[in-house]
Structure formats: C-alpha cells, structure tokens
Amino acid sequence: MVECTDRDALDEVEIRQLLLDHVGHRCCWGSVPARQWNITSTEDFFVYVGSLETFIEERDIVTKKEPYESGEIDGRDKGPVSGVWELDVRSEFPLLFIPKKEVMVKIPHSEVIEKCSDCERHGVKPCPFCNAGQAYGFYKAKQMTRCGTCLGRGLLAHQDGSDTVCGMCNGKGMLPCVACGSRGYVTCNTCTGYGFLLAKSMARVQWKTLTARKVSATRGAASVPEEVFHRAKGVQLCNIQAYQCTPAFFADSYPLNQFSSEVIASRLPVPPSARVISERHIISVVPVTRVTMAHLKQSFSFYIVGYSRDVFIRDYPSKFCWGLCCCFEWMGK
Ligand SMILES: [Zn+2]
Ligand SMILES: [Zn+2]
Ligand SMILES: [Zn+2]
C-alpha cells in the first residue's frame, strides 16, 4: 500500500458538511437525513486508476471536385504527385495528447480535369419536371401544362355570369414548366453548366488520442461508476511517456504491476491508416471514504472520492421527486 498519499482523515463535522453541500445543490433532496442521521461507520480505502493514451496521426485522401471553366491547372505535368505520408505537415503539428485536431492539405500536382458525369459534359440536363427520365438529346421543348386556375379555359367564370381573362395564364389556358420555362432542359448543378470538373486530391490529416482506462477492483465501492474515479483528483504513481509503453514496475507492489499490465493490455486498436506518435501511461491512486448513516432501521451509504472530495451518492433516502423536479422539500418540515 502506498503510504505517502494519505489524505487527512475526515472528521464527522467535515463529512456532514460535504454531504450537506452536495444535497444542497439538488433542490429536491431533503436535508434532514444529512443534518440529523447518525454517522455509524466510515471506512477509508484506495482505488487505483490507470490510463493508456495512444496519440496517433491518421492520413487519408479525400477527392474534391468543383466546376471547371478554363485556365491553367496544377496537374501531373507540373511535377510528381506525392504520397499522402510524404507531405510535410510539421507546421500544423499539435500538442501531444490533445483529444483531436484535423487539417486538410492540398496534394500538389494532383489536379485533373474530368468530364461531368451528371450531364455527360453537355452542361445541361433534361428537365426533371417536364422531361423526367429522358436522356440527353431526347427531351422535348415547349411542353405546357394545363392551367390549374382556369382549368384550361383561359377564362374565369363569375357568379353574375360574366367571364374575365385568367390572370395566371393570361388567357392561354396553358402554363410553361416552372422548372425550365419549357425549354425542356435545365443547367447541370454539378458543373454549373461548364460540362467539366476540376478534381483535386486533399490529404485529410487527423491527430487524436485514443484512451484506454481502468479502475482497480473496488472493494466496497462497486456501485460507484468508474467515471467518478477517473474524474477524481488523485496522486500519480507513474507517468511514463514512450513510443510504445510497457507495464510500469513497482518494486514493492505485485498488485500494482499486475494492474499496470492490465491497463497496457487494454490498448485501443490503431486504425491501419494511422501511425502511432507517442504513448503515455499513468497510474494514480485515489483515496475513498465510504460513510454509512442510519436512523432507526433505515440506513444509506455514500462515498467521498479523491483529494477534491467529490461526493457520490446513489440512494439518498430523502428525494421528493424523480426527475420531475418541483421542490416540495417544505412538506417534510
Ligand atoms: Zn454537369
Ligand atoms: Zn421543364
Ligand atoms: Zn388560366
């Protein structure tokens, strides 16, 4: 057991104050148990928290296409196209072990002009409304639809028996296609009418930290979620950084060596398109106090975790609502 990490033992006044602060932040929890119930036992123990962070760089190629009108391009004739791992991105390199950073870098000399496959380089496509499903060259122009306002008469009938010219179709009874004005075709959106696209390769470079975490067997604290211990403030027993971490060695503790091996063995898989830059292995010890309070035949337990003294409590006996918070605490007084 590690002795240099003893947290000053908490006395009853401090324990009750920590609980009252915690309860006070939950508006629908009554404070009576925290104020009045007896502390029947306190038990101090340690939990080991371990992590293995694998900092990786991942690179892949994303093709970007945009309409191409004219002009010089940066193509193969300007020089060789370098592989994605040959690009120098040192100026973008982030701090080690940041959660995530992504940059897009153009690959030089990768530009290519392509025919637009959406319109087969015509720049226009048969209108999807009046020529739906037609191939280029087979569309019909000047297709009209019947005017819905006058039902094709060109006139509108009134109650007194008179007619007026339909304003919608100007008396023609027919309307041109709203999408293309009855030309029969529309401009291709993909190439904006140019018929050609400029395709270029972009390198997507991502740095990220993959983190495997473990908590040592928690006697008496199995109901506490592991995140509570990972969040808590502890004392580091080891902090090793290497290209590839191996289990830490503690001369005086077989269980700690064992725990370190388990953390290292839980290393997260590295995607094939990535390479490892560095790893970091940390083991911390977190002090925990389990407190039991009782009143008549009722009792409950809670935990004070870490040097930051976070309170974790699952079954507080005086909750007045279950998510539908409307604070009826005064009813209990
Ligand atoms: Zn097109
Ligand atoms: Zn049309
Ligand atoms: Zn009309």
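1. The radius of gyration here is taken over C-alpha atoms, and the globule rule is 2.2 Å times the number of residues to the power 0.38. On that rule, a compact globule of 333 residues would come out near 20 Å, but the protein chain has 36 Å. Its C-alpha trace spans about 95 × 75 × 25 Å along the principal axes.

2. A word on provenance: this is a predicted model, local features need pLDDT of at least 70, side-chain atom pairs count only at pLDDT 80 or more, and totals for chains, interfaces and linings use all residues. Residues are numbered from 1 along each chain as its sequence is written, while chains are lettered from A and ligands numbered from 1 in the order in which they are written.

3. On confidence, pLDDT is the predictor's own score for each residue, from 0 to 100. The mean for the protein chain is 89, with 93% of its residues at 70 or more. Residues 1-5 stay under 50 and have five contacts beyond four places in sequence (a contact means C-beta atoms, placed from the backbone, within 7 Å). Residues 326-333 are also below 50, with 10 contacts beyond near neighbours in sequence. Where pLDDT is low, the predicted coordinates should not be read in detail.

4. Of the contacts with a separation of 6 or more, 76% are between residues 24 or more positions apart. Buried residues make up 21% of the 333; buried means 20 or more other C-beta atoms within 10 Å of the residue's own, exposed means 12 or fewer, and partly exposed is in between, with C-beta atoms placed from the backbone.

5. Helix α1 (residues 12-24) checks out: at 1.5 Å a residue its 13 residues should span 18 Å, and its end C-alpha atoms are 18 Å apart, which agrees. The expected span is 1.5 Å times one less than the number of residues. Ile15, Leu19 and Val23 are the buried residues of α1, and they fall within an arc of 65° seen down the axis, so they line one face of the helix. The arc is that of the directions from the helix axis to the C-beta atoms. Val13, Asp21 and Gly24 are exposed on the other side of α1. The buried residues of α1 pack against α2 (32-36), β1 (38-67), β12 (274-295), β13 (298-305) and β14 (310-313).

6. The largest nonpolar core has 32 residues, and Val47, Phe229, Val286 and Val305 have the most contacts inside it. Such a core is a set of buried Ala, Val, Leu, Ile, Met, Phe, Trp, Tyr and Cys residues joined through C-beta atoms within 7 Å. β12 gives the most to this core, with six residues. Leaving aside neighbours within four places in sequence, Phe229 touches Val47, Val49, Val215, Val286 and Val305.

7. Cys150 sits in the loop between β5 (144-146) and β6 (155-157), and counts as buried because it has 21 C-beta neighbours inside 10 Å. Beyond four places in sequence, its contacts include Cys166 and Cys169.

8. Two backbone spots deserve a look. Lys142 is not a glycine, yet has a positive phi of about 60°; Lys142 lies in the loop between β4 (124-126) and β5. Arg309, also not a glycine, has a positive phi of about 55°, and its place is in the loop between β13 and β14.

Methods: Helix = DSSP H or I, 4+ residues; strand = E, 2+ residues; numbered from the N terminus. Contact = placed C-beta atoms within 7 Å.
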